Amino acid sequence: MSSYQVIARKYRPQRFEDVIGQEHVTRTLANAINAGRVAHAYLFCGPRGTGKTTVARIFAKALNCTGGPKVEFDDADPRVQEITDGRSLDVMEIDGASNNGVEQVRELRETCKFAPASSKFKIYIIDEVHMLSTAAFNALLKTLEEPPAHVKFLFATTDPQKVLPTILSRCQRFDLRRIPTPLIAKHLSEIAGKEGVTIDHEALYAVARAAEGGMRDAESTLDQLISFCGTEIAEGDVLSMFGLTAQGQILALVRAVLDGNADTALRELNQLAHQGKDLGRLLTDLLGLFRNLLIYQVSKGDLSLLEVSDTETAALEENAGLISSDGLTRVLEIMTDAEGRFRDAVSKKILLEVTLIKAIEGRTAISLDAVLKQLNALRQEADSSGASYQGPAASSNSPAPGVPVPAPAPAPERPKPTPQLSVPLAPAAATSPVSIAPPRPPEPRVPVSVSAVDVIELWPRLLAALSGPKFVFLKTYLQSAFPVSLKGNALTIGFPPAFAAHLPMADNPTNHRNLQATLQELGMSSPQVKFVQAEPPAGWAPEVAPIAEEPPPFDPDPVPGAGGRPQPPRGTAPAGPTTLLTKEDFKNDPLIQKALEVFKGEIVQIQAE
């Protein structure tokens with residue numbers, strides 16, 4: 001029995017025009033030959049099975065053919081035939097992995113001095129050149145930069161990053177690309193016809209997709225399929241042999257995600273897992289399809305940017321209107337994250353199930369930016385209409401007792417209620433949702449002349465001007481403080497020893513800026529604010545309770561003096577809603593806990609804004 005030659009070797013390209021998918025390389029080399037501009041060193045790099053060594057051999061044939069260099073050479077030329085058979089004395093192929101030492105490079109330097117035996121050039125083809133050691137590279141530098149006129153170097157590598165920059169700078173580099181799937185399928189169809197094999201169109205595309213841009217991989221797969229199936233190859237044979245998923249099943253899974261049908265998606269995944277399909281490959285295929293759908297939407301149906309079959313093209317046209325581009329982006333982010341964690345996952349099926357459910361939920365999710373834009377739009381609508389919104393009840397924004405504040409003008413009636421964003425609290429924390437509504441417009445502020453008033457008159461006006469959610473914490477701190485002095489444009493604010501814990505929380509750059517801006521609105525020029533700890537004047541009483549290191553025990557029916565909750569001092573109103581929350585109360589607030597859960601965060605520092 002004569003020795004069998006595999007398809008990858010039997011149908012290896014022998015001329016530049018036979019190379020599939022690398023026209024940018026073959027055209028440049030052909031033009032260089034025709035123009036007489038052949039360099040002394042070339043580097044061909046790219047993924048496996050894309051034609052690096054094949055292009056180098058064809059280039060060697062074009063250089064050493066009879067009457068060469070020329071692009072159109074005769075395949076029957078004895079010199080060309082010698083190169084094809086690998087027995088040419090002037091074209092030496094060297095394996096860089098096994099000849100990577102300094103001694104081999106020294107031998108190469110000695111032999112390259114001699115003239116070629118019968119051809120015009122002595123050509124060295126070094127495959128996997130990145131495997132050479134650093135010492136070997138350095139030994140090759142001088143010869144590579146200034147070789148004899150009859151020597152040409154052709155290097156091939158799958159990892160050009162490992163080649164020394166000094167070597168790269170002495171070569172003309174050509175990057176071979178992955179071969180498009182349609183070109184691989186077409187080439188395989190031609191080979192099948194020459195071999196007398198009938199193969200389905202879907203099976204061709206399944207083999208081409210599995211090759212991932214490598215022609216040699218696709219040809220080896222076809223060779224194996226012919227041995228397995230004979231002269232009749234169907235898509236099912238390809239899928240069962242290599243654990244691939246049918247394109248129809250992948251499209252059905254994509255449609256289930258786009259329709260939000262979690263039950264169908266999980267059933268499809270369970271069926272594929274029971275059939276022994278490669279779940280990692282399935283996730284990669286899903287990513288590719290969602291990516292194609294996003295490109296199809298963004299490019300407005302430009303198929304030149306995609307490598308898709310007719311079946312997938314019809315699916316893209318059908319599914320393009322089922323989801324927005326933002327939704328597709330979120331789905332791709334979810335699946336990309338799953339792909340990064342897939343290799344280390346213990347249960348890959350569970351990871352893929354959770355990924356599908358997240359993708360279904362994420363396709364219609366609203367981003368935080370969109371919510372903020374809606375809230376800003378509501379505020380702008382309120383400002384333009386002059387309406388007064390009833391925000392959350394918080395009497396801490398009220399002015400100090402006894403300070404007259406101009407009443408706001410009555411708000412005109414609105415034809416429709418103001419939309420609000422409701423966030424339900426946990427059952428243990430509240431029984432009704434908390435409405436986040438745009439704040440009411442600030443009360444009118446009456447400018448005063450600092451020169452005409454003293455600090456006692458300025459203080460209540462300052463507290464009254466600090467209205468709105470922006471100042472809720474700051475105003476609460478100031479209600480436990482008192483004015484100390486007003487010298488020129490410097491206002492000193494004091495905190496009694498009982499409220500010393502409020503001072504560091506109030507004394508921060510944000511509060512300084514807010515107070516300075518408010519004092520400027522009240523008529524002060526270039527105001528400055530200083531916080532100190534001082535004894536309060538006689539008769540002064542705080543409006544809030546001090547921050548407790550630990551919350552007092554809860555007493556449903558407190559009795560003064562009976563060990564229950566602390567009672568407010570005589571002559572002062574109970575703190576009520578204006579009482580400042582303790583640090584623990586702030587951390588245990590249901591809304592704060594919900595925000596931490598949604599954003600996967602933690603409280604680092606409590607600071608007033």
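Two residues are in contact when heavy atoms of theirs lie within 4.5 Å. This tour uses that term throughout a predicted model, in which local features need pLDDT of at least 70 and side-chain atom pairs count only at pLDDT 80 or more, while totals for chains, interfaces and linings use all residues. Residues are numbered from 1 along each chain as its sequence is written, and side-chain values use heavy atoms, with hydrogens and water left out.

**The whole chain**

Begin with the protein chain in a cartoon view. The chain has 24 helices and 12 strands; these are DSSP runs, helices being H or I of at least four residues and strands E of at least two, numbered from the N terminus. Of its 609 residues, 39% count as buried, where buried means under 20% relative accessible area, exposed over 50%, and partly exposed in between (1.4 Å probe, protein chains only). Among contacts between residues at least 6 apart in sequence, 73% join residues at least 24 apart.

**The largest nonpolar core**

Select L356 next and display its surroundings. Beyond its neighbours within four places in sequence, L356 is in contact with L253, V257, A265, L269, L286 and M335. A nonpolar core is a set of buried Ala, Val, Leu, Ile, Met, Phe, Trp, Tyr and Cys residues joined through side-chain atoms within 4.5 Å. The largest such core has 37 residues, and those that touch the most other members are L282, L286, F290, M335 and L356. Colour the helices that each supply at least two residues of this core: α12 (247–259), α13 (262–274), α14, α15, α16 (325–342) and α17 (348–362). Which helix gives the largest share of this core? That helix is α14, with 10 residues. Another core, of 28 residues, lies apart from this one; F16, A30, V55 and I123 are among its members.

P483 has I493 as its bridge partner in β11.

Most residues other than glycine have a negative phi, and most peptide bonds are trans. The last stops depart from this pattern.

- Select G68 and P69: the peptide bond between them is cis, with omega near 0 degrees. P69 lies in the loop between α3 (52–64) and α4 (78–85).
- Select E128, which is not a glycine and yet has a positive phi of about 50 degrees. E128 lies in the loop between β3 (122–127) and α6 (134–145), and is partly exposed at a relative accessible area of 22%.
- Select K300, also not a glycine, with a positive phi of about 60 degrees. K300 is in the loop between α14 (279–298) and α15 (310–319). Is K300 buried or exposed? At 77% relative accessibility, K300 counts as exposed.

Conventions
Two strands pair if DSSP finds at least two bridges between them.
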